[in-house]
Amino acid sequence: MMARFTILKTVLVLGSLCALVAACGKGEGGGGGGADGPESIQVPEIAVSTAAADIAKGEATFKTKGCVACHKVGGGKLVGPDLKGVTARRSIKWMERMILHPEIMIKEDATAKELLKTHFTPMANQNVNPSEELPFILAYLKSHES
Ligand code: HEC
């Protein structure tokens, strides 16, 4: 009984440590190029739209590009993390790098490496177009920030 209680406490302490580390990672960079990911991965400057039409286009693109095979947006983990709220925990630049070049991110970026450790499956490169598809996907994800 006593031992079990101690384990539970340890898990709780570890859990809050992780939350702290994650918060630090966002502010100061979790290694591998910081909170925005490795600078060596070129990504466009995107101002995320909040227009309803762009969000709808993003939702459609999220389906046609096959993201839905591995991600839910609200409702929990599938193959990959639930993407509801992802725009609150990652920077726009980081997400751009992850969506355009996941195969490099899981080798070079500390946060992506950690994600791979818990999800076991490497995210697939879906050949998302950086100017014609990516901005809308980001608008869609941003609209599900909370
Ligand atoms: C084959 C399954 C698969 C597909 C398809 C896929 N992903 Fe992923 N995604 C993952 C996994 C698994 C991770 C966690 C990192 C890893 O293990 O590589 C991830 C991570 C992410 C993350 C970071 C999540 C976080 O919590 O920081 C974002 C953002 C993301 N994916 C967006 C997308 C988008 C947008 C698409 C469609 C263009 C997509 N993914 C397609 C499996 C997938």
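Visitor: Where is F120 found?
Guide: F120 sits in the loop between helix 6 and helix 7. Helices here are DSSP runs of H or I with at least four residues, strands are runs of E with at least two, and both are numbered from the N terminus.

Visitor: And how do the numbers and cut-offs work here?
Guide: Residues are numbered from 1 along each chain, as its sequence is written. This is a predicted model, so local features need pLDDT of at least 70 and side-chain atom pairs count only at pLDDT 80 or more, while totals for chains, interfaces and linings use all residues.

Visitor: Back to F120. What is its phi?
Guide: F120 has a positive phi of about 65 degrees, although it is not a glycine.

Visitor: Is F120 buried or exposed?
Guide: Exposed, because F120 has 7 other C-beta atoms within 10 Å. Buried takes 20 or more other C-beta atoms within 10 Å of the residue's own, exposed means 12 or fewer, and partly exposed is in between, with C-beta atoms placed from the backbone.

Visitor: What about N127, where is that?
Guide: N127 is also in the loop between helix 6 and helix 7. N127 isn't a glycine, yet its phi is positive, about 50 degrees. With 9 C-beta neighbours inside 10 Å, N127 counts as exposed.

Visitor: OK, big picture. How many helices and strands does the protein have?
Guide: Seven helices and zero strands. Along the sequence, that reads α-α-α-α-α-α-α.

Visitor: What share of the protein's residues is buried?
Guide: Of its 146 residues, 25% count as buried.

Visitor: And helix 7, how many of its residues are buried?
Guide: Eight of its nine, so helix 7 is largely enclosed by the rest of the structure. They are L134, P135, F136, I137, L138, A139, Y140 and L141.

Visitor: Which helices do those pack against?
Guide: The buried residues of helix 7 pack against helix 2, helix 3 (86–89) and helix 4. Contact here means that two C-beta atoms, placed from the backbone, lie within 7 Å.

Visitor: How do helix 2 and helix 7 cross?
Guide: Their axes come within 7 Å and cross at roughly 105 degrees. Axes are lines fitted to C-alpha atoms, for helices over the stretch in contact, and angles run from 0 to 180 degrees between N-to-C directions. Helix 2 and helix 7 are therefore roughly perpendicular to each other. That label covers 65 to 115 degrees; under 35 is roughly parallel, over 145 roughly antiparallel, and the rest oblique.

Visitor: Which residues meet there?
Guide: D54, I55, K57, G58, E59, T61 and F62 in helix 2 meet F136, I137, A139 and Y140 in helix 7.

Visitor: What does I137 touch?
Guide: Leaving out residues up to four places away in sequence, I137 touches G58, T61, F62, I99 and V128.

Visitor: How many residues are in the largest nonpolar core?
Guide: It has 19, and M98, I99, I137, L138 and Y140 have the most contacts inside it. Helix 7 supplies the largest share of this core, seven residues. A nonpolar core is a set of buried Ala, Val, Leu, Ile, Met, Phe, Trp, Tyr and Cys residues joined through C-beta atoms within 7 Å.

Visitor: Last topic, the ligand. Which residues come nearest?
Guide: Of the 28 residues around the ligand, C67, C70, G80, L115 and M123 come nearest. Being near means having a C-beta atom, placed from the backbone, within 6 Å.

Visitor: Which helix gives the most to that shell?
Guide: Helix 6, with four residues.
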